[in-house]
Amino acid sequence: MREISHDPGLAATAVPTGPAVAPDARRARAIGQGALACVGAGAALLALRTISIHAPPCPFRTVTGLPCPGCGMTRLADAVAHGRLHTAVHADVAGVAILGVLLVLAATHVATTVRRRPPAAWMRSMALPALLVLLVGAHWITTIITGGLPSS
């Protein structure tokens, strides 16, 4: 696609532009990239925990005394990774659902990127961000009320 310059001081010239990308496809890619970043950061935190290096205290919790929306996710992922799924689900079902959704989103993003395919229709849906917001909200409320999964 080419745009024509309409500046009166310039001759009408064609300016090359890239292919148009639909907003829903951009949103799907951004969600996939965010999920991949979260999975990568979580994997790094879990790897560090295996050699007894733990993340610093949550700055939000340090300042406010309340857990942030992400507090407890590393402990949940650690429980799931070590086969303690029942314990993790019992402590915070929404947090475990977030872990599963992030893994599916990251894997789907990698697969569509490697295959050079457009994002799947369900990844372009406005229901996906709404689902993520609901899950994070449910996890946050659960963590505030119960204190989350105890440290191991």
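**Close-up 1. Packing of helix H1 against helix H3 in the predicted model.** In this predicted model, helix H1 (residues 23–50) packs with helix H3 (residues 73–81) at an angle of about 70°, and the axes of the two helices lie 10 Å apart. That angle makes H1 roughly perpendicular to H3. On the H1 side the contact is made by Leu45, Leu46 and Arg49, while H3 contributes Thr74, Arg75, Ala77 and Asp78. Sorted by class, the residues of this contact are 3 nonpolar, 1 polar and 3 charged.

**Close-up 2. The salt bridge between Arg49 and Asp78.** Two of the residues that make the contact of H1 with H3, Arg49 and Asp78, also form a salt bridge, in which the closest N and O atoms are 3.6 Å apart. Because Arg49 lies in helix H1 and Asp78 in helix H3, the pair ties together parts of the chain that are 29 residues apart in sequence. Both Arg49 and Asp78 are buried, and for Asp78 the relative accessible area is 9%, a value that falls under the 20% cut-off for a buried residue.

Close-up 3. Arg84 is partly exposed, its relative accessible area being 32%, whereas Asp78 is buried. Through salt bridges that share partners, Arg49, Asp78 and Arg84 are joined into one network.

**Close-up 4. The salt bridge between Arg124 and Asp24.** Of the 3 salt bridges that the structure holds, one is formed by Arg124 with Asp24, and here the closest N and O atoms are 3.4 Å apart. Side chains of opposite charge can pair when their charged atoms come close.

Close-up 5. Thr143 lies in helix H7, which covers residues 127–146, and at 2% relative accessibility Thr143 counts as buried. When neighbours within four places in sequence are left aside, the residues in contact with Thr143 are Pro67, Cys71, Asp92 and Gly148.

Conventions:
Residues are numbered from 1 along each chain as its sequence is written. This is a predicted model: local features need pLDDT of at least 70, side-chain atom pairs count only at pLDDT 80 or more; totals for chains, interfaces and linings use all residues. Side-chain values use heavy atoms; hydrogens and water are left out. Axes are lines fitted to C-alpha atoms, for helices over the stretch in contact, and angles run from 0 to 180 degrees between N-to-C directions. Helices (H or I, at least four residues) and strands (E, at least two) are DSSP runs, numbered from the N terminus. Angles under 35 degrees count as roughly parallel, over 145 as roughly antiparallel, 65 to 115 as roughly perpendicular and the rest as oblique. Contact means heavy atoms within 4.5 Å. Ala, Val, Leu, Ile, Met, Phe, Trp, Tyr, Cys and Pro count as nonpolar, Asp, Glu, Lys and Arg as charged, and the others, Gly among them, as polar. Buried means under 20% relative accessible area, exposed over 50%, partly exposed in between (1.4 Å probe, protein chains only). A salt bridge is a side-chain nitrogen of Lys or Arg within 4 Å of a carboxyl oxygen of Asp or Glu.
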